[in-house]
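I set down each item in the order in which I looked it up.

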Amino acid sequence: MDVLLVDDDAEIRLIAALVLGSAGHSVREAASFEEARACILHAVPDLVLMDVMLGDEDGVVAAVRLLEPLDARRPPLIFLTGAVRPEQTARMMRAGAAGIVHKPFDPATLVARLTTILGEET
């Protein structure tokens with residue numbers, strides 16, 4: 001699976017990319033909306049894993065802007081977040097999230113969590 005990992009925290013990107021890569025996934029990384037957009041223009045990923053607090057940008061708004069033009073080719077979106085309030089979760093789901101992975105996440109269970117969210121073997 002080709003995963004686009006969008007997070008402004010280099011440490012989170014490193015950990016997630018190592019875990020996903022060791023599970024056999026191809027991971028492209030982006031630290032900003034602009035980098036993510038460039039990645040998607042190059043090739044649409046199978047999955048977008050995106051931080052909600054993306055530097056100065058609202059990751060939920062950025063995700064909508066990033067994926068909306070893709071229409072039928074839109075990949076599943078999973079948010080990475082420390083937000084746990086019900087209204088925050090509802091906002092992410094309204095934006096089209098297939099699921100949410102809460103930070104800090106356990107690297108050992110990240111792949112299992114994505115598999116559960118996507119409902120398929122990854």
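I began with the residue after α1: Gly 24 follows this helix and has a positive phi, near 95 degrees. I note here that the model is predicted.

I then turned to the start of α1, where a side-chain oxygen of Asp 9 comes to within 2.8 Å of the backbone nitrogen of Glu 11.

I checked the length of α1, residues 10-22, next. Its 13 residues, at 1.5 Å a residue, should span 18 Å, and I found the end C-alpha atoms 18 Å apart, which agrees.

Which residues of α1 are buried? I listed Ile 12, Arg 13, Ala 16, Ala 17, Val 19 and Leu 20. Because these residues cover an arc of only 165 degrees around the axis, they lie on the same side of α1.

I looked at the face turned away from that buried side and found the exposed residues Glu 11, Leu 14, Leu 18 and Ser 22 there.

I also asked what the buried residues of α1 pack against. The partners are the strands β1 (2-6), β2 (26-30), β3 (47-51) and β6, together with the helix α5 (110-118).

My last entry concerns Gly 82, which I located in the loop between β6 (77-81) and α4 (86-94). I recorded Gly 82 as exposed, because its relative accessible area is 51% and the cut-off for exposed is over 50%. I also took the separation between the C-alpha atoms of Gly 82 and Ala 36, which is 21 Å; the two residues are 46 residues apart along the chain.

Conventions:
Residues are numbered from 1 along each chain as its sequence is written. This is a predicted model: local features need pLDDT of at least 70, side-chain atom pairs count only at pLDDT 80 or more; totals for chains, interfaces and linings use all residues. Side-chain values use heavy atoms; hydrogens and water are left out. Helices (H or I, at least four residues) and strands (E, at least two) are DSSP runs, numbered from the N terminus. Buried means under 20% relative accessible area, exposed over 50%, partly exposed in between (1.4 Å probe, protein chains only). The expected span of a helix is 1.5 Å times one less than its number of residues. The arc is that of the directions from the helix axis to the C-beta atoms. Contact means heavy atoms within 4.5 Å. A polar contact is a pair of N or O atoms within 3.5 Å; within protein, one must be able to donate a hydrogen and the other to accept it, and residues adjacent in sequence count only if both atoms are side-chain atoms.
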